[in-house]
Amino acid sequence: MSERIETARQFIEAVPHSRALGMRISEIADGVAELQLPYDARLVGDPETGVIHGGAVSALMDTTCGAAVMSHPGHSGTTATIDLRIDYMRPATPGQTITTRAECYHVTRSVAFVRATATDDDTQRPVATATGAFTVEGPK
């Protein structure tokens, strides 16, 4: 594993909200990250339906996008969210793990562009999609 990818992994594992929400890294590669959010009753937004709160899904998608930027070969160092648009397609099915896969598809001197999809067990019908822009450090 490259040092850049290991740095991204360590950063994500050290983020307090990632640990508090129980996020797990399932894949990190060059410009790609996949994180999972296991179902947890503490994260339910609607007790009548048992659906996970959209804020937890948003945090998962933001964190996954940041990990994709940090693991991109054209970037080194940390990153921060400039803009993140999330389109919620449907509620995640109660009891199922939510998985977000993000790809950093373009990096300039100061901005990285990312897109992501969140799914539960039904991988053909996304729970949410996202597009975003993140900071990158300039050349040193």
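**Labels and the values behind them**

Guide: Let's start with Asp30, which sits in the loop between strand E1 (24–29) and E2. Helices (H or I, at least four residues) and strands (E, at least two) are DSSP runs, numbered from the N terminus. This is a predicted model, where local features need pLDDT of at least 70 and side-chain atom pairs count only at pLDDT 80 or more, while totals for chains, interfaces and linings use all residues. Residues are numbered from 1 along each chain as its sequence is written, and side-chain values use heavy atoms, with hydrogens and water left out.

Visitor: Why does Asp30 count as partly exposed?

Guide: Buried means under 20% relative accessible area, exposed means over 50%, and partly exposed is in between (1.4 Å probe, protein chains only). Asp30 has 47% relative accessibility, so it counts as partly exposed. Its C-alpha is 30 Å from that of Arg90, 60 residues apart in sequence.

Visitor: What makes Leu37 count as buried?

Guide: Its relative accessibility is 2%, so the buried label applies. Leu37 lies in strand E2 (residues 32–37). Contact means heavy atoms within 4.5 Å, and, not counting residues up to four places away in sequence, Leu37 touches Leu21, Met23, Leu43, Ile52, Ala56, Leu60, Thr97 and Ile98. The C-alpha atoms of Leu37 and Asp120 are separated by 9.6 Å, though these residues are 83 apart along the chain.

Visitor: Which label do Tyr105 and Pro126 get, and why?

Guide: Tyr105 has 39% relative accessibility, so it counts as partly exposed. Pro126 comes in at 27%, so it counts as partly exposed too. Tyr105 is in strand E6 (residues 98–107), whereas Pro126 is in the loop between strand E7 (111–119) and strand E8 (128–135). Leaving aside neighbours within four places in sequence, Tyr105 is in contact with Phe113, Val114 and Arg115.

Visitor: How do you know that the span of H3 agrees with expectation?

Guide: The expected span of a helix is 1.5 Å times one less than its number of residues. For the 17 residues of H3 (residues 54–70) that gives 24 Å, and the end C-alpha atoms are 24 Å apart, so the two agree.

Visitor: How do you know that the radius of gyration agrees with a compact globule?

Guide: The radius of gyration is taken over C-alpha atoms, and the globule rule is 2.2 Å times the number of residues to the power 0.38. With 140 residues, a compact globule would be near 14 Å; the chain has 15 Å, so it agrees. The C-alpha trace spans about 55 × 25 × 25 Å along its principal axes.

Visitor: What share of the residues is buried, and what share of the contacts joins residues 24 or more positions apart?

Guide: Buried residues make up 43% of the 140 in the chain. Among contacts with a separation of 6 or more, 62% join residues 24 or more positions apart.
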